[in-house]
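Here are a few notes for your look at this model.

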Amino acid sequence: MAEGAFIAYFRVSTAKQGASGLGLEAQRAAVHRYLNGGGWRIVGEFTEVESGKRADRPQLAQALAAARLHRATLVVAKLDRLSRNAAFLLTLRDSGVKFVAADMPDANSMTVGILAVVAQEEREAISRRTKEALAAAKARGQILGGDRGRPPTDEHRLAAAKAKAEAAKRRAADLAPIIADLRANGATSLGAVARELTARGIPTATGCGSWSAVQVQRVVAATASVS
């Protein structure tokens with residue numbers, strides 16, 4: 001049974017379909033059938049009107065950004081139709097957004113990775129190199145495994161800090177157009193922006209409590225560093 005917040009993403013191939021609702025209504029109905037029952041809510045809908053052969057999908061980018069901001073799950077009607085486009089699959093896989101497809105509800109990031117042939121081949125190549133390196137180490141008499149509870153190295157700490165910084169930059173980029181829109185519509189102070197972000201239901205970085213002026217200031221500073 002579906003629970004929580006969802007962002008719906010639909011795609012139609014032609015402007016005529018988009019204007020008439022042909023295809024779009026069927027996709028919307030499929031999504032609602034999947035979500036039927038439970039404590040769910042759709043907090044946003046995005047519709048792409050373009051050929052599936054194109055790699056650039058601005059509405060998909062906006063849908064993923066909205067899903068990250070609201071900590072929502074992206075829901076699509078038919079993954080089998082979208083899976084023809086490797087760029088879409090890789091974008092979905094690497095977005096950091098949870099997703100579900102009405103026609104393939106058990107699909108997950110691993111499924112998407114398998115469908116993206118290039119990514120799958122790369123994983124297989126990495127796996128082969130890892131096994132070969134382990135076999136060579138074992139042949140030299142090196143003991144494999146060991147204490148998994150050992151403290152992190154400086155390299156591990158650096159990688160973790162880098163991943164955290166990248167996540168902060170991506171969130172700042174997602175929030176930038178929202179904050180710009182709020183300022184353009186009269187929320188000129190940091191406190192006013194904080195109140196509007198809270199009112200829109202956009203979670204803070206920790207996902208707890210309401211936005212504060214200090215948190216907005218940090219995002220603004222991060223946005224400036226991104227640009």
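Which residues lie nearest the centre of the largest pocket? R71, A167, A168, R171 and A205 do, within a lining of 24 residues.

1. Before going on, please keep in mind that this is a predicted model, where local features need pLDDT of at least 70, side-chain atom pairs count only at pLDDT 80 or more, and totals for chains, interfaces and linings use all residues. Residues are numbered from 1 along each chain as its sequence is written, and side-chain values use heavy atoms, with hydrogens and water left out.

2. The protein chain has 10 helices and four strands, taken as DSSP runs (H or I, at least four residues; E, at least two) numbered from the N terminus.

3. As for the largest pocket, its volume is about 570 Å³. A pocket here is an open set of points on a 1 Å grid over the protein atoms alone, where a 1.4 Å probe fits, with protein on both sides within 12 Å along at least five of seven lines; lining residues have an atom within 4 Å of a point. The volume is the space filled by probe spheres set on the points, which are joined across faces, edges and corners.

4. α8 (154-184) supplies the largest share of that lining, eight residues. α3 (58-70) and α10 (213-226) each supply at least two.

5. The second largest pocket has a volume of about 260 Å³. Its lining has 15 residues, with F46, Q62, A66, L69 and I178 nearest the centre. β2 (40-49), α3 and α8 each give two or more residues, and α3 gives the most, six.
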